[in-house]
Amino acid sequence: MNILTISGSSRTGSFNTMLLGALPALAPAHTFTHMDYSALPLFSQDLENPFPESATSLKDQIKAADAIIIATPEYNRSIPASLSNLLDWTSRPYGQGAWIGKKVLVMGATPAPTGTVLAQAELRKILLYLDARVMGQPEIYLSSVYEKFTTEGELTDEGTKQHLSKALELLASS
Ligand code: FNR
C-alpha cells in the first residue's frame, strides 16, 4: 500500500510528526511518503483562478495514495490553521476535491492528558463532509507524550506501538 502521511504541525521536534515517523518500522511492507505543504498560500477564493500549482500537486498526492494517515495536534480545542488551510485548498474547486472516497486514518499527539480528542472530532467532521472514508476505529489518542518519546524523537512506549501496529493492519484490510 502507498500511504501518504500528513502532520498538522510543521514545528521542529513535533510529536505528531515523530508519531508518523514511527509508522514505517511498524509496517515495513508498506511505502510511506510524508507530505510537505509548507509552500501553500493562505487560502482565498481570489487565488483560485488560476488554481495554484502548489495546491494541484498536493491534490495529486492525495489522489495517488491508497490510504492517508493524518496526525494532528490540538490547537485551542480544534485543528491548527495550517491543516485547515490544507483541507480547504485540497477540497477545491467545489465538487472536485481530492478526498472523495479516500481511506483516512486519523490520530493525534499532545503533552496534555486529553489526547487531542476534540481536534480529532473536528478533523473527522471535515473529512466526512469532504466524502473521505474516515475510519471510525481504531481511535488513536496519544496523551502525555513526553513520557512516550526519547529526546531524539524515538517512540518507546510499547503499548502505543502495539496499538499503532494493529491500526495499520486494520487500515490495510479495510
Ligand atoms: C496548544 N496545545 C494544546 N494542547 C491540547 O491538548 N489542547 C489544546 O487545545 C491546545 N491548544 C494549543 C494552542 C496553541 C496555539 C498551541 C501552540 C498549542 C499544546 C500542543 O498540544 C503542543 O504544543 C503540542 O506539542 C503540539 O503538537 P506538535 O507540534 O508537538 O506536533
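**View 1. Composition of the shell around the ligand in the predicted model.** Five nonpolar, six polar and three charged residues make up the shell around the ligand (nonpolar: Ala, Val, Leu, Ile, Met, Phe, Trp, Tyr, Cys and Pro; charged: Asp, Glu, Lys and Arg; polar: the others, Gly among them). The ligand is surrounded by 14 residues, of which S9, R11, S14, N16 and T110 are the closest; a residue is near a molecule if one of its heavy atoms lies within 4 Å of it. This is a predicted model, in which local features need pLDDT of at least 70 and side-chain atom pairs count only at pLDDT 80 or more, while totals for chains, interfaces and linings use all residues. Residues are numbered from 1 along each chain as its sequence is written, and side-chain values use heavy atoms, with hydrogens and water left out.

**View 2. Polar atoms facing the ligand.** An N or O atom in the side chain of S9 is 2.7 Å from a ligand oxygen atom. Polar backbone atoms also take part: one of N76 is 2.8 Å from a nitrogen atom of the ligand, and one of R77 is 2.8 Å from an oxygen atom of the ligand. The protein buries 72% of the 620 Å² that the ligand exposes when taken alone (Shrake-Rupley method, 1.4 Å probe).

View 3. S9 is located in the loop between β1 (2-7) and α1 (15-21); helices (H or I, at least four residues) and strands (E, at least two) are DSSP runs, numbered from the N terminus. S9 counts as buried because its relative accessibility is 11% (buried: under 20% relative accessible area, 1.4 Å probe, protein chains only). Its side chain forms a polar contact of 3.4 Å with the side chain of S14 (a pair of N or O atoms within 3.5 Å; within protein, one must be able to donate a hydrogen and the other to accept it, and residues adjacent in sequence count only if both atoms are side-chain atoms). Apart from neighbours within four places in sequence, S9 is in contact with S14, T17, Y37 and P73 (heavy atoms within 4.5 Å).

Key: Buried means under 20% relative accessible area, exposed over 50%, partly exposed in between (1.4 Å probe, protein chains only).
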